[in-house]
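My notes are in the numbered points.

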Amino acid sequence: MIIVGLSGGIASGKSTVSNILKENKVPLVDLDVIAREVVQKGSPTLKKLAKEFGPSILQEDGTLNRAELGRLAFANKERTKALNTITHSAIRRVMAWRLVRLWLTGAKRVVVDTPLLIEAGLYKWCAEIVIVWCDENQQLKRMLSRDANKGLTESDARSRLAAQMALSQKVEYADVVIDNSIDATESSPPRLRAEVGKLLARWRRESRQPSFTLLWLLSWLVPPFGLLWGLLVTFMRSRARAQRHKKE
């Protein structure tokens, strides 16, 4: 099973790309969804967050006040690191089980969708990395347009952008860069859909190749072979990325 890492930044359009992939029946593990699941009311992760950031992050009914947690967690990089330390282990456990289930169902290629693909080191386990890109000014405008009714100020938005790795740095790790900088105001950007369509077409061509089908079948029937194949593909593509970076 080939694991593809999909990432981007806040308001870069990653969620739109993710939705297009889902529409096309691509198996996808969304770490944003898992992140919401692990902080449900009464969960161990939510209790740890309340201990770290204080009771103000809890609503009266005991559920998470996401706006307040975001305000506190993205105030500086140390607080962001504390948030990630608490949540990442729980998220990774759930992610691992879902990947195993998809492998057992015979999935050939699975997309792992996460904004922290690079920062969390998950890119090292991906055979292909896709980054959704737009410039920082567009990110800021989209954030303010999307979340102004939730009390997000420009200062808050800039703090959140500063707390994450810049997209200009993330694209250095990419095998594929999807440019979402032009169709910023469209609800269903045709140019963005066209770029994702090209990616899907390539994946379909690869999946139809006899060699790919044979390797996938062997990996599914003989798990140790599948593990070795996955590690080999990941190593070769990681090495190719490193060589490409040296040339640049």
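1. Basis. This is a predicted model, in which local features need pLDDT of at least 70, side-chain atom pairs count only at pLDDT 80 or more, and totals for chains, interfaces and linings use all residues. Residues are numbered from 1 along each chain as its sequence is written, and side-chain values use heavy atoms, with hydrogens and water left out.

2. A pocket is an open set of points on a 1 Å grid over the protein atoms alone, with protein on both sides within 12 Å along at least five of seven lines; lining residues have an atom within 4 Å of a point. Volume is the space filled by probe spheres set on the points, which are joined across faces, edges and corners.

3. Two or more residues come from each of β1 (2-7), α5 (77-104) and α11 (223-247). Helices (H or I, at least four residues) and strands (E, at least two) are DSSP runs, numbered from the N terminus. The largest share, eight residues, is from α11.

4. Cavity. The whole structure has one cavity of 30 Å³ or more; here a 1.4 Å probe fits but cannot get out. The largest cavity is lined by L6, V17, L21, V111, V130, I178, V196, L199 and W203. α9 gives the most to this lining, with three residues.
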